[in-house]
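Here is a short report on a single protein chain. Keep the sequence and the 3D view open while reading.

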Amino acid sequence: MKSHLLLAGACFVFALTSCSSSRKPVQKSFDTSREYQPKNIPAKSARPGEENVITKDPAYQAIQAAFQKGKYEDAITRATALEKKTRSTLSLAYIRNLKGLSYLATRRPLPAIVQFQRALDYQPPEVIKPYLQYNLAAALSDADQVDDALETLKEVRPESLNADTRAKFFAVRAKNLLAKNAYVESARSTLEAYRSAGTPNG
C-alpha cells in the first residue's frame with residue numbers, strides 16, 4: 001500500500017501512513033527509555049507564542065515546501081540544519097515531526113521512529129499530539145514492530161483525529177491485529193476504517 005500523507009490544516013503536515021507490500025526482517029523493539037527527554041519543557045502559557053514563531057519561520061516553511069513537493073532528502077537536510085540552530089523544545093517537536101515524515105516517506109521507518117519519539121518527548125500540545133502518536137505507530141508498523149505499534153495506537157483517542165486520519169488509524173490497527181492472528185478484531189477495525197472514510201464496505 002502506498003504511503004498516504006495528511007496535511008493538517010492549511011500548511012501543517014502531521015500524519016502519514018506507510019505500509020510496505022513486502023515483509024521486512026523483524027527489528028529490535030524501539031527504546032522506551034526517556035533518553036530524548038529535554039531538560040526544560042516550555043510552560044503552557046509560552047507555547048502559543050513558540051508555535052507561532054516556528055510555523056512562520058522561513059526555514060521551517062522551506063522544510064514543509066520540500067516535503068510537500070516530495071523532495072524528502074532536501075527536507076531531511078534542511079530539518080537537520082534547523083535543529084542545530086533551534087533551542088525551543090516545542091519548535092524542535094515540529095521540526096522533528098517533519099523530519100520523521102520524510103524518513104517514513106522514503107521507507108526508512110527506524111530513523112522515523114526516533115524522530116517521532118523525540119517530538120513526543122517535547123510534550124507537544126494536544127491539538128497535534130495524537131497525530132504524532134499515530135505517526136509513531138505507523139512507523140513502528142512499517143518496521144514490523146507489531147506489539148509496539150499496537151501499544152502506541154492504544155494511546156491515541158480516535159475521536160481526536162480528523163476523519164481521514166481516523167480511517168488510516170483503524171487501517172493500521174487492522175493490519176497489526178491481523179499480524180497477531182486477531183482476525184475478529186482486525187475485521188472490526190477494517191470496518192471502522194471504512195466507516196471513518198465514509199466508504200461503503202460492500
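The report below moves from the overall fold to one helix, then to salt bridges and aromatic pairs.

## Overall picture

The model is predicted. Its chain has nine helices and two strands. In sequence order the pattern is β-β-α-α-α-α-α-α-α-α-α. The chain holds 202 residues, and 50% of them count as buried. The accessible surface comes to about 10,300 Å². Carbon and sulfur atoms account for 53% of that surface.

Contacts across the sequence can also be sorted by separation. Take the contacts between residues at least 6 apart in sequence: 62% of these join residues at least 24 apart.

## Helix 6

Helix 6 covers residues 129-142. It has 14 residues, and at 1.5 Å a residue these should span 20 Å. The C-alpha atoms at its ends are 20 Å apart, which agrees with that expectation.

After helix 6 comes Asp144, which has a positive phi near 60 degrees.

## Arg108 and its surroundings

Arg108 sits in the loop between helix 4 (89-105) and helix 5 (109-121). Its relative accessible area is 29%, so Arg108 is partly exposed. Which residues does Arg108 contact, leaving aside its neighbours within four places in sequence? They are Glu73, Ile76 and Tyr103. Arg108 and Ala143 are 35 residues apart in sequence, and their C-alpha atoms are 8.4 Å apart in space.

Glu73 is also a salt-bridge partner of Arg108, with the closest N and O atoms 2.4 Å apart. This pair links distant parts of the chain. Glu73 belongs to helix 3 (residues 72-85), whereas Arg108 is in the loop between helix 4 and helix 5, 35 residues apart. Glu73 has 45% relative accessibility and therefore counts as partly exposed.

## Salt bridges

How many salt bridges are there? The count comes to 10. The table lists some of them, including the pair just described.

| Pair | Closest N and O atoms |
|---|---|
| Glu73 and Arg108 | 2.4 Å |
| Glu151 and Lys154 | 3.0 Å |
| Asp164 and Lys168 | 3.1 Å |

Glu151 and Lys154 lie within helix 7 (residues 146-154). They are three residues apart, which means a separation of about one helical turn. Glu151 is partly exposed, with a relative accessible area of 43%. Lys154, at 64% relative accessibility, counts as exposed.

Asp164 and Lys168 both lie in helix 8 (residues 163-179). They are four residues apart, about one turn of the helix. An α-helix has 3.6 residues a turn, so residues three or four places apart point the same way. Is Lys168 buried or exposed? At 10% relative accessibility, Lys168 counts as buried. Elsewhere, salt bridges that share partners join Glu83, Arg96 and Lys99 into one network.

## Aromatic pairs

The count of aromatic pairs comes to three. One of them is formed by Tyr60 and Tyr94, whose ring centres are 6.3 Å apart. Their planes meet at 75 degrees, so the pair is edge-to-face; planes over 60 degrees apart count as such. Tyr60 lies in helix 2 (residues 58-68) and Tyr94 lies in helix 4. The two tyrosines therefore tie together parts that are 34 residues apart in sequence.

How accessible are these two residues? Tyr60 has 1% relative accessibility and counts as buried. Tyr94 has 4% and also counts as buried.

Phe169 and Phe170 form another pair, with ring centres 5.0 Å apart. Their planes are at 85 degrees, so this pair is edge-to-face too. Phe169 is buried, and Phe170 is buried as well.

## In brief

The tyrosine pair joins helix 2 to helix 4, so parts 34 residues apart in sequence are tied together.

Notes:
Residues are numbered from 1 along each chain as its sequence is written. This is a predicted model: local features need pLDDT of at least 70, side-chain atom pairs count only at pLDDT 80 or more; totals for chains, interfaces and linings use all residues. Side-chain values use heavy atoms; hydrogens and water are left out. The expected span of a helix is 1.5 Å times one less than its number of residues. Buried means under 20% relative accessible area, exposed over 50%, partly exposed in between (1.4 Å probe, protein chains only). Contact means heavy atoms within 4.5 Å. A salt bridge is a side-chain nitrogen of Lys or Arg within 4 Å of a carboxyl oxygen of Asp or Glu. Accessible areas come from the Shrake-Rupley method with a 1.4 Å probe; for residues, only the protein chains shown count as cover. Rings of Phe, Tyr and Trp (its six-membered ring) pair if their centres lie within 6.5 Å; planes under 30 degrees apart count as stacked, over 60 as edge-to-face and the rest as tilted.
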